[in-house]
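The structure comes first, then the notes.

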Amino acid sequence: MQATITKGMLMVIAATAAAQAADSPSATPIQHRAFEYVTRSKDGKIVEYRHKKNGIQVLVAENHAAPVATFMVTYKVGSRNEAVGHTGSTHLLEHLMFKGSDRFNKKAGTSIDNTLRPIGAQFNATTWNDRTNYFATLPSSRLEMYVDMEADRMTNAWIREEDRRDEMTVVRNELERGENDFNEVLSNNLYAHAFKAHPYHHPTIGWVSDVENVSIERLRQFYREFYHPANASLIFAGDVTVKQALDLSEKYFGKIRNPKNPPPKVYTTEPEQQGEIRFTIERDAPAAHVMIGYRTPPSLHEDTYALLVLDAIMSGAYGSKVTSRLYQALMETQLATEFYSNPDLFHDEGLFKLYAAGRPGVHQAALEQKLLEVVDDIRRNGVRADEVVKAKNQTAAAFVYAQEGTTGLAFNLSESVARGDWRFYETYLEKVNKVTVDDVKRVANKYLVPRNRTVGVLLPPLDGQGGGSGGHGHGSGGLASRSRDWSGVALPIGYKNAMEHAGGPRFLLPPSRDDFPAIPAASPPPAEASGAAWRKFIGGKNSEGPNSFKKRVKSVILPNGLTLQVLSNPGSGSVAIRGNLLAGDDRDPRGKRGLADITAAMLSNGTAKHGKLEIAGQLENVGARITFDAGIDNASFSAKSLAKDFLSTLELLAEMMTHPSFPQDELKKEIAKAAAQLKQAEKDTGAMAGLTFLQSVFPEDHPFFSHSIASRLSMLQSLSRDDLIAFHRDHYTGGSLVMTIVGDVDAADAIKAVEAAFARLPRGAPVQKLSPAAPSKKPGAKPAVASIKDKPSTNILWGHFADLPRYSDDFFAGFLGNGALGGSTFSGRLGNYIRDEKGWTYGVNSYFTSGLYAGPWQVSVTVNPKYISSTLDAIRDITSKYVSEGITETELKREQGYTVGSFQVSLATNDGMAASLQIARFHGLDAAYLDAYPEIINSMTREIVSKAMKRLIRPADAHTAMAGSIDEDGKPLK
């Protein structure tokens, strides 16, 4: 796998675009009575029109690869348009916009959630500095309904005082959740110090006193001033024609008039910075956190592209970051546990940020010095040509991946509109490609200078250098709360580390019980298997057509026992690989908890042929990625590459899995990293609530049990290289490996390539199936509490062991039944009361954790400590009533519609199809299962679901665990 020149990347992108544009609009613009043509992208994939009367902008990006479309309305209003006294108003107004109108409201059963959830739409809204957007990705056959809904929301939304009062406490809880996060606290303060005059000074969510006191009249004024056609863009992406988009826009938005006066203009500019600004925050943190921000120009400035390349050199643009400057400076030296660089892409001036979260015991001065050394080295000596090529290749690959899903494309257009011109997205790659080595050094010396920087430090209050234990971030292994892996998500340009309000399809799959005869249910199943009838749909009429998954997926078992399935998706330009094998935490020897996790992590740290840096370099040079992880009952891996790099990526994946070298020096670093994460977890309310809950529910010998932080640290330190070698030898075998490949490959060629690449992977001995006993722990008289200082929001988990492994006959019934209770904050019974009616929380959900073993069922919620007692009472009452009465027909139909629709939406990308096929096959079901899935879901009856919920959920047996600034009685710490 050699580094590929950027020109080659652009050729791939051009070919991919040509394939995807086969059904795109012709080069000749269509004529429309209500709209005038403005322009189109060079490749013809994106076209712009404006309404002749009200001026609303319409952008259309056709792609008929899947019957899925995204519609997004972007308003040019964000925290940039706010001032002292009403900060956070744009975000609070966004919340109120979901409360309804005369046509769409909860009382009438036509609320946004009640309307969109039954068709499986993925929908939400986000507020940012320069814009607010409302969007849904849904089956294209239902597009008109959503366009109608958004047009109604533009003019007829209720903006009522009673809703403001309720939603204010919800937003305040959201704000308090952010205050639990050290990174977010530091970031908000960085902008508050770097910007004195400009509204970017304010956090998007607002200052707490403004959120609590802003008047309904001010919010209505915001609505009148900014929610109208002249200030909005309509974005259509996916399975929709230009004519269809324009007809829908005219039908529903064409008659909406603009107000007499244009929106208030933002004319404030930030004065030139005249010297370094510094600030310090004291929090009960386990270690120091440092964030540095350098003032940068608006995103449409020509220097933006060199700053983006500089950012990629500093911390990577996609996938692995191992060869990046900051990784080498901070992670290889074991100074930090987290790091990033990130340039703002705002309408006005922004910041180029550098961040490092130190390891316990590391002084903040060491972190700051190392960050500044990286900057100063680039300013003095510049960057290498190969670094610039690598940065461009990563950027180009990420650009191709972003084309796969309609949501990602719509977000990219929306962000570009907010920056000032949607063509920022069109010209983005072309301008990045023109950046030279000299450009990178020039912008570093122009912007990343001492006079232009703001430095923020977050420290523990006592010693000022972070010598405690615990902290920001999530634990690993047995902790319930884990960091989300964003490496496979195509994020919009400018969203390198996370995305607001991200969600995924609830597509969960049980295997057939016959595939795992040695794993009985944890307790005997009911005499009458209520849901067993679903199996009759697999392999039926839905698998007979030429476009069925059964006919299109090629599946083989290789001589070494490796199970492989391949789905060719020509023209997509990329390839996604997924895999699982029986090498999870459940296989850890007694006293060696963490061995599976460390073994998986170490696969990226060197092979018999290549060292860690060589592996990372090969991947990063072409914008590919390979990641490994270990869960409770399996180890997993995922890989992604451009189609042209598939073979080299596959060969490297096989080498990493079959011939890891487990170098001793890298093992020490990996153990130290895991130990630092565990210590940080002691200050993370989500992680500690999860740990405390699992300790309350499960016995120590159960796979779901979570050992204490101290025990985990002790066991980590006991791990040796010999332990890893033995674990890998025994568990990384062909006999337990299932792999799925989806993308722009020929299926027959892919099968041959896998057989050759994995030929040396041994079949291994027959895998012993484990059968943990059902836990018998009873809840204590008091909740189990983890007390953590300086946390305004408390995490609560309430639930018990539930006998629902994925092979259970009741799996689908339990899944649908839980959906109606707490699957959605916005439509579940728990959310309807605790969030909507009472406003106690930003989010409340319930869920089963089901795999090869039955795990817990639990309700998760975050609240201010003063609402703990009321919230727990409500959870008990609502759950008890639901179990007693059962699901209603209306609730069942809604959950069935959402489950089927979201499944269909999830199949719009290579990653989505690979994930669904992989989960199915690993749990014993072939591709025919995906064909039958909608029919299986719709076969569930109210009687079946209600019966399953009575068996599975037992309120009287529920345990309660909490973590926050509370004592053992749940009272706020003094």
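Helix α18 (residues 595–602) and helix α21 (residues 664–681) have axes that come within 10 Å and cross at roughly 125°. This is a predicted model: local features need pLDDT of at least 70, side-chain atom pairs count only at pLDDT 80 or more, and totals for chains, interfaces and linings use all residues. Residues are numbered from 1 along each chain as its sequence is written, and side-chain values use heavy atoms, with hydrogens and water left out.

**Helix pair**
- Helices here are DSSP runs of H or I with at least four residues, and strands are runs of E with at least two.
- On α18, Ile 598, Ala 601 and Met 602 make the contact; on α21, Glu 666, Leu 667, Glu 670 and Ala 674 do (contact: heavy atoms within 4.5 Å).
- By class, this contact has five nonpolar, no polar and two charged residues (Ala, Leu, Ile and Met are among those counted as nonpolar, Glu among the charged).

**Nonpolar cores**
- A core joins buried nonpolar residues through side-chain atoms within 4.5 Å, where buried means under 20% relative accessible area, exposed over 50% and partly exposed in between (1.4 Å probe, protein chains only).
- The largest nonpolar core has 78 residues, and Ile 577, Met 739, Ile 741 and Phe 758 have the most contacts inside it.
- A second, separate core of 66 residues includes Leu 59, Leu 335, Tyr 447 and Leu 459.

**Loop residue**
- Ala 65 sits in the loop between β3 (57–62) and β4 (68–75).
- Ala 65 is exposed, at 72% relative accessible area.
- Ala 65 and Gly 571 are 506 residues apart in sequence but 9.5 Å apart in space, C-alpha to C-alpha.

Notes
Axes fitted to C-alpha atoms, helices over the stretch in contact; angles between N-to-C directions.
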